[in-house]
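Hi,

Here is the structure I promised to pass on to you. Have a look at it first, and then read on for what turned up.

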Amino acid sequence: MTDQAVETGGVRLSAEDHFLGRTRELKELLADIERAGLDTISGKKAPRARVLLIAGRPGSGRTALAEELVRQVAERYDDGVLRVRLSEPDGTPVPVERAARELLVALDRPTPAGAAEDDLSEALREALADRRALLLLDDAVSAEQVDALLPDTPECLVVAVSGGPLTGISDVRPCTLGGLDTKSALELLTRYTGSVRITVDPRAAEGLVEECQAQPAALRLAGGWLAARPKAAVADLAKHLRTEGDEGTPLSRVFRLAYGSLPSPAARILRLLALAPAGLVDPHTASALVGCSVGGARTTLDDFVALGLLHAVESPLPEYEVPGCLHPLLKALTETQDRPGELQLARARMLERTVRLLQSSRAITETDNPEAREKLQGLPRSLRFPSPRAAEDWLRLRKPALLASARLAVADGELDTLARRLMSQLVRAMVAHFGTQAAAPDLYGVHRLVLDVAERRELPREKAAALLNLGDLDAQTGRTQDALARYRAALDSGRQANDPYATGRAMESVGGAHLELGDYDRAADWFGRALAQRLARDERVDAARLHGRIAAAQTYAGRYGEALRGWRAAVAGHRKNGDVAAHARALSELARVQEYAGRPEESLHTCEEAVEWARRAEDVRLQAALQLRLADTLEHLGDPAAARLHRGAAERLLGEEVSEEEAGVEQSDDPKQAADACEIRSTSTED
């Protein structure tokens, strides 16, 4: 039974009355919520959430029953309902790390990029510790999956859906599903066929229910077949199913009949939907798989919904889901009726279409780029988005399918070139629409996939890029040792590829990791190696920046003489490059170190010069910070009146009373803390 409305032969299946039968099972499940657990009976407080298990084979309506139970008890749980699916359409278990991350996102809690499974499970338990929430874990494959996601609070309730018992989770009594009761099964058929065809031959209708073993999925297909043939008698369908004998399950027998009655083009579309990532289909996916128009694909998909072969997904976009019970049947058809080469071509078309949609979604954000606008106009109208907001909505809604598409493409191993293009465009689109920080958890997974392909294909340049990106994400989440290992590996790959960008970036990143770990000598050494390469290649902008990074490391180490030389070199470099803002900031840091070195008069002069350059750069926050630093220096020199003037100037610049920290420069007597202000993390300019 589906949640969405479906038109079938003039009978509309509405969301309000979609659920049928299961009265006894619902009563048992509701009673199970109230019954005392084993811990409560023994006088102990329940240590974890109660788990209700609904067990049944695919097509038995197990998810529909779970959703109805959730609907009936949701109001008891003030913190809402959380849902996650624990297996892929082909039955592959979803990693606990991914499931926990999805639940944390639903709770609006942080999910650090690259965090380990145990860390995310613990974060989920902490997030639910003071909540009263209801978790629906659909299509669970094992008890270990469910156990890793269980809240440590008895105020929460977990409803798990599985094909069998979850041995290993205590105090769980499964509610095992068979078929619907006859009355409910007949009502389900009636919703597709209308009442007349059922009432004129009730015995035939009951016989059809028996042939389907009252399984909801089989009954839906039978009802869809009858709805598409208003003149066909129910008895004819029941007789046809009986003549097939006992070969296969009731669902597979009805499916063969429904599939066999489709026109050849529609039948081909249906079986190729087995290739849809995560079982999620939209008109573009179907169009690319078979090479038809987008409009024609959408019409066919809507017809499949009416026939019970697809579920429509509640979404602003036209989106559909392949029922999990039909996925193995569709996959078996592709293996017997399509040659491997044809399936590979269909996958390639689907990936190519996805790449072009991602390119379009990114290009529409580059409104000031003539080349991007020209490329956008060159795309077919069906691949263009009307606005950046529409492109962002598409990307957000299709993200699960897009990430699944990348995983499948890498696992396939035969389309690595397309897979690399897909992942590159996916990274760029997510960064363009969501920003690097917001997209970091998803980007981490994509970069790991890129690394897999690069290692498999022995592509050292791509391997270096993936390692650098992963290292940056590790560093941002505090895993500095892991980041250091990634950067060193990236350096080896960059040297193997003879890629000066990768090697220079890797050396600088190794230095940054050592700086973060407090090994200032090694940090300065690695920054020096990167500087030597930049100077050899006459890359003056990067060389000036690296002079500052070396000076920062020397400041941390308390070697102020060397730090002063480094900052003077940075100032000179930025001045020659004409970078006014960088020149002002380098002067600001030079003044800071002069103050640490016990040279307040020199610091005062340098700070005044920095204020002038910040004014030229129109950097108001830097001007305010420097005015505050001038005030502090003047106070140290015994001129409080002048200090008050500069502090007032800073307040006027920002329109309010501010501290130096608020103005953008950290105020501290500790050079290790203060040097953070000049620390510049390198980031990749490539995907």
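Predicted model: local features only at pLDDT ≥ 70, side-chain atom pairs only at ≥ 80, totals over all residues.

Arg-362, for its part, counts as buried, with 17% relative accessibility.

Now the overall picture. The protein has 687 residues, and 52% of them count as buried. There are 33 helices and 10 strands. Along the principal axes, the C-alpha atoms fill a box of roughly 105 × 65 × 45 Å. Among contacts with a separation of 6 or more, 64% are between residues 24 or more positions apart. The protein exposes about 31000 Å², and carbon and sulfur atoms supply 49% of that area.

Next, the charges. The protein carries 89 positive and 106 negative charges, and their mean positions are 5 Å apart. Side chains of opposite charge can pair when their charged atoms come close. How many salt bridges does a search of the whole structure find? The search gives 51.

- Arg-407 and Glu-88 form a salt bridge at 4.0 Å, N to O. This pair links distant parts of the chain, 319 residues apart: Arg-407 belongs to helix 19 (residues 388-412), while Glu-88 sits in the loop between strand 4 (81-85) and helix 4 (96-106). Arg-407 is partly exposed, with a relative accessible area of 26%, whereas Glu-88 counts as buried at 18%.
- Asp-619 and Arg-585 form a salt bridge at 2.9 Å, N to O. Asp-619 lies in the loop between helix 29 (600-617) and helix 30 (620-636) and Arg-585 in helix 28 (residues 580-596), so the pair ties together parts 34 residues apart in sequence. Asp-619 is buried, with a relative accessible area of 16%, and Arg-585 is partly exposed, at 42%.
- A network of salt bridges links Glu-508, Arg-534, Arg-537, Glu-539, Asp-542, Arg-545 and Arg-549.

Glu-117, Asp-118, Asp-119, Glu-122 and Glu-126 form a negative surface patch. One of them, Glu-122, lies in helix 5 (residues 117-128) and is partly exposed, with a relative accessible area of 39%.

Helix 9 (residues 202-211) is worth a look as well. Which of its residues are buried? They are Ala-204, Ala-205, Gly-207, Leu-208, Val-209 and Glu-211. The cover over these buried residues includes helix 7 (182-193), helix 8 (196-199), helix 10 (216-227), helix 11 (234-243) and helix 12 (250-260).

Is Ala-214 buried or exposed? Ala-214 is buried, with a relative accessible area of 8%.

Another positive phi belongs to Glu-618, at about 60°, again in a residue that is not a glycine. Glu-618 is in the loop between helix 29 and helix 30, where Asp-619 is also found. Glu-618 is exposed, with a relative accessible area of 68%.

Finally, two C-alpha to C-alpha distances. Ala-465, in helix 22 (residues 460-476), is buried, with a relative accessible area of 18%. Ala-465 and Tyr-487 are 22 residues apart in sequence and 9.9 Å apart in space. Ser-142 is in the loop between strand 5 (134-140) and helix 6 (143-149) and is partly exposed, with a relative accessible area of 22%. Ser-142 and Leu-307 are 165 residues apart in sequence and 32 Å apart in space.

Note on methods:
Residues numbered from 1 in each chain as written. Heavy atoms only, no water. Helix = DSSP H or I, 4+ residues; strand = E, 2+ residues; numbered from the N terminus. Buried < 20%, exposed > 50% of the residue type's maximum accessible area, 1.4 Å probe, protein only. Contact = heavy atoms within 4.5 Å. Areas by Shrake-Rupley, 256 points an atom, 1.4 Å probe, with all protein chains shown as cover. Lys, Arg positive; Asp, Glu negative; His and termini not counted. Charge placed at Lys NZ, Arg CZ, Asp CG, Glu CD. Patch = residues over 30% accessible without salt bridge, like charges linked within 9 Å, V, L, I, M, F, W, Y side chains within 5 Å. Salt bridge = Lys/Arg side-chain N within 4 Å of Asp/Glu carboxyl O.
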